[in-house]
Amino acid sequence: MPQHSHPRPTSPYRPLRAGALAAVICVGLAACGGATVDGAAGGSSAASGGTCGAVSIAVNPWVGYEANAAVIAEVAQSELGCTVTKKDLKEEVAWQGFATGEVDAVVENWAHEDLKKKYITEQKVAVDAGPTGGTGKIGWWVPPWMAQKYPDITDYKNLNKYASLFKTSESGGKGQLLDGDPSFVTNDEALVKNLGLDYKVVYAGSEAALITAFRQAEAKKTPLLGYFYSPQWFQSEVPLVKVDLPAYTPGCDADAEKVACDYPTYILDKIVSKSFAESGSPAYSLIKSFTWTNEDQDLVAKYIAEDKMTPDAAAKKWVADNPGKVQAWLKG
């Protein structure tokens with residue numbers, strides 16, 4: 001998601017064009033806000049010969065990712081005897097940990113071709129561990145009541161005539177486009193500019209804040225245009241309606257300053273450190289084999305975000321209810 005941004009979106013959340021991350025300033029992983037780098041060492045400490053040892057999984061800040069990490073950690077601990085440390089890190093910061101040995105795995109990556117080039121191709125400290133089985137979609141969305149009352153609002157060409165509906169105290173006299181966490185991959189400021197839209201991007205600050213805003217907008221029938229993404233459990237509670245931006249074509253988002261097209265459909269995947277992949281740890285085989293659907297992820301995410309279960313409890317419930325899928329991962 002991105003952060004999917006994603007969305008995003010690009011993350012959630014994803015929730016998210018690769019390379020459009022907000023700057024993250026830190027001297028080292030241990031110094032970054034939100035990071036928890038205490039506990040076990042990374043993949044370099046994993047024992048050879050099939051024993052598991054210690055595994056460090058990055059947790060990026062959207063609940064769908066948290067669901068992936070929780071389920072993988074539960075299976076690794078209960079079935080393989082691993083010692084799992086989950087570290088709360090934003091996307092770009094997590095990738096820095098591949099080189100230092102502080103991060104073994106990123107378990108929901110939304111494209112990030114720039115980071116793949118840097119850490120996989122150039123530095124050779126990370127490798128692709130295959131798809132998660134999910135697909136991600138980032139975009140601009142409105143609450144259902146707006147699409148019903150203003151059916152043409154779902155075409156970006158009509159957004160300017162509705163801009164006054166979306167004015168807020170933070171939007172400087174323009175319509176507000178509400179984004180999430182500034183670290184989510186997003187093209188939104190460039191899109192507003194390049195599509196000639198009378199809007200200003202305002203950051204809600206988190207996935208949770210976006211969900212609260214959309215929930216209130218639907219309940220109170222107040223206007224809201226916002227960045228959002230799928231997979232995301234909230235879409236089953238409030239079926240947001242996507243605004244059509246100019247169709248995505250390969251390469252249309254290559255220049256971050258000139259992008260004027262919709263977000264692509266993302267094939268979500270996993271990235272691990274090269275040392276972890278070569279360590280002999282069965283946790284690597286588990287992560288490589290791990291695949292599930294958007295619906296699987298949304299269910300665990302709902303347990304966490306809506307039902308207020310702890311991630312560990314949510315993962316235990318899903319694992320207990322899906323033994324066939326878990327055994328398939330363990331068999332590779």
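Val 71, Val 75, Glu 79 and Leu 80 in helix α1 meet Val 326, Trp 329 and Leu 330 in helix α12; contact means heavy atoms within 4.5 Å. By class, this contact of α1 with α12 has six nonpolar, no polar and one charged residues. Nonpolar covers Ala, Val, Leu, Ile, Met, Phe, Trp, Tyr, Cys and Pro; charged covers Asp, Glu, Lys and Arg; the others, Gly among them, are polar.

This is a predicted model: local features need pLDDT of at least 70, side-chain atom pairs count only at pLDDT 80 or more, and totals for chains, interfaces and linings use all residues. Residues are numbered from 1 along each chain as its sequence is written, and side-chain values use heavy atoms, with hydrogens and water left out.

**α1 and its partners**

- Two packed helices are described by the angle between their axes and the distance between the axes.
- α1 and α12 pack at an angle of about 70°, with axes 12 Å apart. Axes are lines fitted to C-alpha atoms, for helices over the stretch in contact, and angles run from 0 to 180 degrees between N-to-C directions.
- α1 and α12 are therefore roughly perpendicular, a term for angles of 65 to 115 degrees (under 35 is roughly parallel, over 145 roughly antiparallel, the rest oblique).
- The axes of α1 (residues 63-80) and α11 (residues 311-321) come within 8 Å and cross at roughly 70°. That makes α1 roughly perpendicular to α11.
- Glu 66, Ala 70, Val 71, Glu 74 and Val 75 in α1 meet Pro 311, Ala 315, Lys 316, Trp 318 and Val 319 in α11. By class, that contact has seven nonpolar, no polar and three charged residues.

**The buried face of α11**

- Ala 314, Ala 315, Trp 318 and Val 319 are the buried residues of α11. Buried means under 20% relative accessible area, exposed over 50%, partly exposed in between (1.4 Å probe, protein chains only).
- Seen down the axis of α11, these buried residues fall within an arc of 130°, so they line one face of the helix. The arc is that of the directions from the helix axis to the C-beta atoms.
- They pack against α1, α10 (294-305) and α12 (323-331).

- In α3 (residues 113-122), the buried residues are Leu 115, Lys 116 and Tyr 119. They cover an arc of only 100° around the axis, which puts them on the same side of α3.
- Glu 113, Thr 121 and Glu 122 are exposed on the other side.
- The buried residues of α3 pack against α2 (91-100), β3 (105-109), β4 (126-142) and β9 (265-273). Helices (H or I, at least four residues) and strands (E, at least two) are DSSP runs, numbered from the N terminus.
- Lys 124, which follows α3, has a positive phi, near 55°.
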